[in-house]
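Hello! Here is the structure I promised to send you. Have a look at it first, and then read my notes below.

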Amino acid sequence: MSRRASTGIRRGAWGLALCLGLLAGVGFGSTGGSVAPDWADADLLHEIEIETETREERVERLALSPEGARVAIAVRGRLELREVATGEMIHRLDGHLSPEIDAVLPVTGLAFSPDGASLISASWNPGVVADASLKHWDLATGNLLQALAGDQGCREVAFTADGASVWAACGRDVQRLELATGRVVERAGRFPADVTQGMDAEAVADALPMPRQGPADALALSADGKRLAWAGKPPTYPHPVVRVWHVGEGASADDTYQALELPEVSTTTDPVAQARELYGLEEFTPVTSETVSHWVRDDGDLQVMLRLDDLKDDAVRALRYRLRFAPAGEGQWALVQAGRKQQCRRGPTGPDEWTTQLCH
């Protein structure tokens, strides 16, 4: 059993390079619909631990497929394509190399095509020649479709809406490369507004019940704006991790939880410990996991989210508890609200859906 506590993300930790890097990883466009999603009630779909050769290696770039089902991860020049739901590897791509120094080069941009069938990666390293500054990958086979932009180095990349071209910051300007021919057909001083406008991944991350275990090394939003991928290196973890979060349609979180009768407990100085004592795992198994996140609400109360996955239960696969603690003076907190929902193995809902109904 794993037991990993999460307590939110550090704010204001993003540098200019990361902000530029989000152009390639973020899903461009808006979520559609009139109700903004409430990211404070987002679900942690999966945590993927990335194996690295050294403890210093970090995730360089992230990109989510348009529907948010797959995530592309760049670590020290290599590329991995993984399923979000399971974390399983789909393809490991070669990434970018330098023929003059026989070494991998860092990935500086990633973007899925609008149909999710291909991926573009960019590479740039000062003073080092790349084998190809842009690479176009076929995601059905994992094969390289095209090597583009020569050795000039590219820092960002984004597909046009029709998927027929890519804009890339290569050399000293921004270029539009036509994929059918591989030629530069247009140049500009900056990325066009129609490929850069979209939701702010940093703002979304700040609103999440995010693990406060260091800054993000990379972020990416899905095209529909409902999934966010976060990559970082928590100090207690041996390797970098990628966490993917999903948000619903903006309904009040209290409406989606079954209200629980509050237990008779005294106030506490440690709400997380009390949450685990009341609702945490009782039986330890190799596959069952417990994840806790907490943050201070705008009204000053403390929100604790406790999630139990892969339960040893024939009907219930996972449980999620939402607990609210109010200040009770002198560093004490009182449990004032508790709710629960679950994922079922056989229904009445799908295996990935949360419900307050009884599981079959």
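Phe-325 has Leu-335 in β24 as its bridge partner. Please keep in mind that this model is predicted.

β23 covers residues 316–327, and its antiparallel pairing with β24 runs over 11 bridges. The two strands form a hairpin with five residues between them, and there Gly-329 has a positive phi near 85 degrees.

β24, which spans residues 333–344, also pairs with β20 (residues 258–259). These two strands run antiparallel and are joined by two bridges. Across from Gly-339 in β24 you will find Ala-259.

Now turn to helix α4, residues 271–279. Which of its residues are buried? They are Pro-271, Val-272, Gln-274, Ala-275 and Tyr-279. These residues lie on the same side of α4 because they cover an arc of only 160 degrees around the axis. As a general rule, an α-helix has 3.6 residues a turn, so residues three or four places apart point the same way. What do the buried residues of α4 pack against? Their partners are β21 (289–296), β22 (302–309), β23 and β24.

Finally, some numbers for the whole chain. It contains four helices and 24 strands, and 51% of its 360 residues are buried. Among contacts with a separation of 6 or more, 53% link residues 24 or more positions apart. The chain exposes about 16,500 Å², and 48% of that comes from carbon and sulfur atoms.

Enjoy exploring!

Definitions and conventions
Residues numbered from 1 in each chain as written. Predicted model: local features only at pLDDT ≥ 70, side-chain atom pairs only at ≥ 80, totals over all residues. Heavy atoms only, no water. Pairing = 2+ DSSP bridges. Buried < 20%, exposed > 50% of the residue type's maximum accessible area, 1.4 Å probe, protein only. Contact = heavy atoms within 4.5 Å. Areas by Shrake-Rupley, 256 points an atom, 1.4 Å probe, with all protein chains shown as cover. Arc of directions from axis to C-beta.
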